[in-house]
Amino acid sequence: MKLLSLGAIAMDIVLNSHELPKDDGFALIRQEEMLPGGSASNVSVCAANLGLETYQTGKIGDDNIGEEFRRTLRLDGVDDQYVVTKENGTTLHTYIITAPGGKHCIFANTGDTVCTLTMEELPEGLMDGMDIFYNDMFSPQAAIGLARQARAQGKPVLYNMQCVPSFMEQCGTSREDIEEMMGLCTVFVSGRDGYYEMTGETDYRKAMQILQDKYQIRDGVICTAGADGAVWLADQVYEAPAFSIDPVDTTGAGDCFLGGLLYAYFSEGQEKEEALSFANACAAVKCLQAGPRSRADVKTILAFKDSGKRDF
């Protein structure tokens, strides 16, 4: 099954600290390294290692960070032929500060490329050869155009609200763009904050119902709810608890949840509750290793899942 992924593609400068600094405080850096990241490309790498034929699109600069991103994406098994390079452009990169217990915070330098991809820069009829379209609405013009193509061809569209609408507006994605994508997607995924901003409802379960009633999303809406696991509202409510682990680094856990969901639900045709459980296992396995990406295969995920760890 062929997956086309569009969205945040980046390199992450990871600073490992003994604690997150407090206001006007100091923290010591134990280790510093540059790692490939970006939410959409993390999803792509996870999906590729689970067996999907995965193609990344998006835009990077021709700087050293962009070159390193391409190199590592290929090494991680993702086809980069649809990634566009901007001359004299600056690639999105982030500074991730991690601390014991899986704590982390992220600062993003958006550069001048990640939100600017247009349909004119992509091959005509790109979705013709694909089976699934995933996006997080970075580069909204291209995301909406590809989603329209996918829906016209009867193909699923998964929209992940990686960042809340108020942040996306700062990146060039308007509320109107988001509203249009909500009408195009066949599965919508967000954390609690996204549901709150979209509805003003503090109870995420009620917020899920509000959005599903409004948009009538074909396969429903999902909330990744941390310690509460994951909830999927469609024809009924499906739930899967989280796994009990001692996390090393939670960065990218949500991305790996999505990679697992794309594999389990769309490629393998698992039922919703089973797909959620597999996706939760992908996220948990990611949390047991440093860095924003997981390269775990299906065998590894199933072995972990069968161990019965719960209540992360």
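**Close-up 1. Gln216 sits in the loop that links H7 to strand E11 (221-224).** This is a predicted model. Gln216 has a phi near 50°, a positive value in a residue that isn't glycine. For context, most residues other than glycine have a negative phi. As for solvent, Gln216 is exposed, with a relative accessible area of 57%.

**Close-up 2. Met137 sits in the loop between strand E8 (132-135) and helix H3 (140-152).** Here too phi is positive, about 70°, although Met137 is not a glycine. Is Met137 buried or exposed? With 0% relative accessibility, Met137 counts as buried, since anything under 20% falls in that class.

**Close-up 3. Helix H5 (residues 175-184) has a set of buried residues: Asp177, Ile178, Met181, Met182 and Leu184.** Those residues span an arc of only 160° around the axis, so they end up on the same side of H5. The background is simple: an α-helix has 3.6 residues a turn, so residues three or four places apart point the same way.

**Close-up 4. H5 packs against helix H7 (residues 204-215) at an angle of about 75°, with the axes 9 Å apart.** That angle makes H5 roughly perpendicular to H7. On the H5 side you'll find Glu179, Met182 and Gly183, which meet Leu211, Lys214 and Tyr215 of H7. Sorted by class, this contact of H5 with H7 has three nonpolar, one polar and two charged residues. Met182 turns up again here, as it is also one of the buried residues of H5.

**Close-up 5. Helix H1 (residues 39-49) and helix H8 (residues 253-267) have axes that come within 8 Å and cross at roughly 45°.** H1 and H8 are therefore oblique to each other, and H1 passes H8 in a right-handed crossing. H1 brings Ser39, Asn42, Val43, Cys46 and Ala47 to the contact, while H8 brings Asp255, Cys256, Leu258, Gly259, Gly260 and Leu262. In terms of class, the contact of H1 with H8 has six nonpolar, four polar and one charged residues.

**Close-up 6. Thr72 is part of helix H2 (residues 64-75).** Thr72 is buried, at a relative accessible area of 8%. Which residues does Thr72 touch, leaving aside its neighbours within four places in sequence? Thr72 is in contact with Met11, Pro36 and Arg293. Gln153, by contrast, lies 81 residues from Thr72 in sequence, and the two are 32 Å apart in space, C-alpha to C-alpha.

Key
Residues numbered from 1 in each chain as written. Predicted model: local features only at pLDDT ≥ 70, side-chain atom pairs only at ≥ 80, totals over all residues. Heavy atoms only, no water. Buried < 20%, exposed > 50% of the residue type's maximum accessible area, 1.4 Å probe, protein only. Helix = DSSP H or I, 4+ residues; strand = E, 2+ residues; numbered from the N terminus. Arc of directions from axis to C-beta. Axes fitted to C-alpha atoms, helices over the stretch in contact; angles between N-to-C directions. Parallel < 35°, antiparallel > 145°, perpendicular 65-115°, else oblique. Left-handed = near helix turned anticlockwise from the far one by under 90°. Contact = heavy atoms within 4.5 Å. Nonpolar A, V, L, I, M, F, W, Y, C, P; charged D, E, K, R; others polar.
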